[in-house]
Amino acid sequence: MSRSFHPSEAAEVLEQFLQEGRLSALMWDVCQQQAQAGSPELQEALLSKVVCLPDHVSNTLQGKNPPVFFPQNYFPLLGGAIMQVLQNISDSLRGGLDCSISFVSHVLGKVCVHGRQKEILGVLVPRLMDLTKSDCIWQRICWRLVECVPDRWMEAVVLGFVQRTPGADVLSRLLGNLVVKNKKAQFVVTQKLLLLQYCHTTAVLQNLLGYLALDGLRRPLLIKVLQELLETWGSSSAVKHSPPEQQQYISKAILICLSHLKEPEIESCRQELLTSMMEGVKCHLDSSLPQIRRLGMIVAESISSKINTDGPVLKFQVKYEEDDEARELKSLLVQTPPFCVVPSLPDDEDEKADAALPLVLESDKKSHTAAPVTPQESSDAELDSDDDLIPYDMSEDRELKTKAPVYIRDCIEVLTGSEDMDKWEATVKALESLVRKNPAATREVSVELAKILLHLEEKTCIEGFVELRQRAQVAVLTTDPIPVAKYLTSQFYSLNYSLRQRMDILDVLVLAARELSYPKSHGKTKHSGAQKPCIQLLPGSDSSKDWRKIVDERIKSKTRRFAMGPSQGEPASSPNEFSSVAGHFFFPLIQHFDRPLTTFDLLGEDHFVLGRLVHTLAVLMYLAVNTVAVTAMGKALLEFVWALRFHTDSYVRQGLLSCISSLLLSVPAQHLLEDMTEELLETQSWLGDVVEKDPDGDCRRLALQNLLLMENLKKKLEPVPS
């Protein structure tokens, strides 16, 4: 009768089998059988057991397996066994014997597709790097190792090698011309890792594209990849529907490709590069997202500098921020190839080089010394000397300051007709404070002053002109809200205004609404940072009855309290001034958005202004909380959002979702459920689709936030069980 093994005893036998290095002997035996046409069924069964051994042991022992069967321990051990088999294959080839590497390739592929590239390639790659440096047989073995991986596992193996190798030259040595011989590998390298994924690091991109550039057979694929990347970069549909992270990834790949192009290759496709650059930069500048516009400018300038080495290069007048991201993108265009190794000189040559170095430096120093002045030049210098002229004493001079006007009407005259630039500049600087000090005089000419400020252009180089003008506009609007708001909102949809002026109107409306909605501080403003006065005992005073009060006051002045409780005075309350004028700010903006004008089309090419309008409406809705018109505003805003919910621009969609958030936070919950029940149900369904399908991460986050707000509203209105 045969004795059955207990699972723990079988695990001990397997552990001894692994620790004695018998796994490499098993795989080597299979490789020899393959050369002699062994049983494929046996090989398939062994492949499954070798790769999945930790899972089988863990399932049998219910998680109480020995440490050697932990994945982090087993797969490095398997990598060492593979290296031993490859060593045996190398010895056999050198001895003229036949053997097969197919089984080892299958083991590598299956391990990688199970997600264990890090463990097994962490052992294989460093060893193969050293062995393939100068041995052509090892290079051929490594190439065959990856070429024999089945197509269904090829992606995992290629990605693992690209991520684990320290440079493009090493990757080229390990993979050879795999992308030329294997169609699956070519698809993975030229399509999937570059156009369909965007989660990989810059180092992975540099390895991948540097690998394509290092061999003449692979360079046509580099040109093809660059053309496809530029086609995607210049596609308006891709710019609108792909997330910013993917566009940044594609931009990096384009710049790395350009850094590897040689002059003849640039010359052959110069016109195509120029056309793609012009199409791409237009799509990016049309985007509403600032990071996309900046990305387009950086890439366009880089392409222009690469293809126009002799002529003028593209430079945008609008300056973008030179942060780490911009510097990294530009550095990709002029990177130093990591595979350029400087050969070491022999000892005698090294000494000659050291001896020659001072001579070079000395001659270089001589060449950079200034040429001596000739007698003729010195005499001319003496004739032109100004030493005889005595300078004026200007130490007591003071700059004359122009007085600013003290009346509102005088300011209007200066801003509209004065040719005195100093007076004009002084008026612009003083206008805000003058408007706030004279509200009655401002109300008499508020609309006229708002019109002047809306059309006011900078005549001199005054620091902070845009901010000064905006603050003056806000002051006029908060001083006389209804007529000025009517004027500004009517001008937003009028003809003959630039997009900048229309966005200025929106900014002023938001800032003024925010100021009107916040409570005003009456009396003296107390600054938290100011030192509080404390009571001091006078030296000559003999009064001792108030000593406890004095001590208490001193302790109070020196004690830091995080909350004073009831003893702390309540902040002064004041009416919400935005409550009575919210409709004048809101409804005129929402009325005519779907009516295109000759120079203004919100639903067409001017979608950036539409995005700003939507965000403005969201802010106005949020500031209108507890106002009389908030329910009517909420209904109108919900209809507006519903009409634009499928807009292609992500910035507009973000604004629409912000509108939903403002509506849920501002409109009372009872009014929402009584007056907008059907609309809210449809909105909830739409938000669910946005969470699942929208390509923009911010849109998904905002939609999820709105769904949570809706759930909280439902919980608040649920009757409490008695």
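1. Buried means under 20% relative accessible area, exposed over 50%, and partly exposed in between (1.4 Å probe, protein chains only). This is a predicted model, where local features need pLDDT of at least 70, side-chain atom pairs count only at pLDDT 80 or more, and totals for chains, interfaces and linings use all residues. Residues are numbered from 1 along each chain as its sequence is written, and side-chain values use heavy atoms, with hydrogens and water left out.

2. Start with α27. Helices are DSSP runs (H or I, at least four residues), numbered from the N terminus. In α27, 11 of the 15 residues are buried, so the helix is mostly covered. Among the buried ones are Phe465, Leu468, Arg469 and Gln473.

3. What do the buried residues of α27 pack against? They meet α24 (421-437), α25 (439-444), α26 (446-455), α28, α29 (499-517) and α31 (582-591). Contact means heavy atoms within 4.5 Å.

4. Next, the pair α27 (residues 465-479) and α28 (residues 481-492). They pack at an angle of about 125°, with axes 6 Å apart. Axes are lines fitted to C-alpha atoms, for helices over the stretch in contact, and angles run from 0 to 180 degrees between N-to-C directions. That makes α27 oblique to α28 (under 35 degrees is roughly parallel, over 145 roughly antiparallel, 65 to 115 roughly perpendicular, the rest oblique).

5. Val476, Leu477, Thr478 and Thr479 of α27 touch Pro481, Val484, Ala485 and Leu488 of α28.

6. Now α12 (residues 183-196) and α16 (residues 244-260). Their angle is about 135°, and their axes lie 9 Å apart. That makes α12 oblique to α16.

Conventions. Helix = DSSP H or I, 4+ residues; strand = E, 2+ residues; numbered from the N terminus.
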